[in-house]
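Please examine the sequence and the three-dimensional structure shown below.

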Amino acid sequence: MVMQRLRFSTGRHQPTRLGRFLILLALGTTTCAGAAASAPLPPHTKIRLSVVQWMPTKGVYEQWGSIGGDLTVSDAGTVSVPVLGSVAVGDLDDDGLAAEIGKRLKEKIGLVDAPATTVQVLEYPPVYVVGDVSRPGEYKFSSGLTVLQALALGGGEFRAPLALEGAGEVTRLAGALKELDDSITRSSAKIVRLEAEMAGAASVDFSRQPDKAEPFAAAVYNQEQVIFEARANAVDRKAKSFAELRDLLNEEIGVLEQKTKSTDENIKSIQQQVDSTAMLVAKGAVVATRQGEVERALRSYQDTRLDISTAIMRARQSISQTTRDLQALYDERKTEVASELQSERAALVQLKVKRETSQRLLLDSLSSLGGVASGDGKPLLTFVIVRRENGTANEISASETTTLMPGDVVKVTRPSLQTAKPVEQVSSITGADQASR
């Protein structure tokens, strides 16, 4: 047997407290990072066995290098130790296994005192994550590892590329559905406003709209009310302008008629002068040139009379045109409103068809997603731990907070989509649109 000597004392006494500390330090009794203290050693656990004995006659510690070394717990729960052969681990932890080996070495070799034996855990067997995870496989065990942490090591819940695309499609369709709902609200409000304009109402009544209390709908209704008032004011200003022009033309006709009366009296007076002048010329009382002057004055008044009559006819023609323009203003306005109303009603029908189509597509996309959502929208996963105990593999139901043991197999299962209720999942998105129907 090859022996290594650690000389630090020349006496023949048992080691001092410092000596014992140095022995432990030399043997590397500090366990590896992540090892669970005082835990059983399951199969495939890698350990390091160190055996030393105090030699009082020599005053040194001698390490039994040929017995110690790196060992692995077998599937049967044993370790193969030189000299001793197979040693059952059972439920022993590192300290218990070290004591058992020391005891058996004492009995085997016939020592007075058992040698100082230490067992250092180098590496526990890995845990395995399988099932509906992104990266199934084996992962290094660490003390306190939970099921949720193991799920994270496995990359989280498995999502197929089609499922990811489906999730993006659901998001897009949900946004499109919201946009269509807003467009339906705006179109419905515009139709109510156009119907009020067709009826010649003084204001628009949105009190019958069921969503009038919603901020977006209220803002749309306020905008439509402003548009209604602005358009009504524009028509009123044009109508008032036509009415004022017609009144002005009527006043002008009145003035021209007064001038006509005055001109008729002048013509009558000049006609009398023409008649009397002609009699005097016939008698030779006045010269003929006087008669010509009076006749010219008569013709001038007659021409003025004709101009006034023409002006009156033109003013009456302008009044008729103004009346027609005023009526045309209302007719054109009604025609424009009727055309807008017809187009908007057709657009509203199309929007509702698009909304129904988008809602159906959204429900289909939700149905095609590979997952079931709980009430709060989180995926429901079930966890089962497969653990070997006394040579038998047992299945244990677990939760996210369950602590794992070395060698455990975590089975992650996502429930079948057949139990999902996509209509309930999207109810908050596709609520009843009573106002637009």
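The model is predicted: local features need pLDDT of at least 70, side-chain atom pairs count only at pLDDT 80 or more, and totals for chains, interfaces and linings use all residues. Residues are numbered from 1 along each chain as its sequence is written, and side-chain values use heavy atoms, with hydrogens and water left out.

The chain contains seven helices and twelve strands, which are DSSP runs numbered from the N terminus (helices: H or I, at least four residues; strands: E, at least two). Of its 437 residues, 35% count as buried, that is, under 20% relative accessible area, while exposed means over 50% and partly exposed lies in between (1.4 Å probe, protein chains only).

Consider helix α2, residues 94-109. Which residues of α2 are buried? They are Asp94, Leu97, Ala98, Ile101, Gly102 and Leu105. Seen down the axis of α2, these buried residues fall within an arc of 135°, so they line one face of the helix; the arc is that of the directions from the helix axis to the C-beta atoms. An α-helix has 3.6 residues a turn, so residues three or four places apart point the same way. The face turned away from the buried side of α2 carries the exposed residues Asp95 and Glu107.

After α2 comes Gly110, with a positive phi near 80°.

Definitions and conventions: The expected span of a helix is 1.5 Å times one less than its number of residues.
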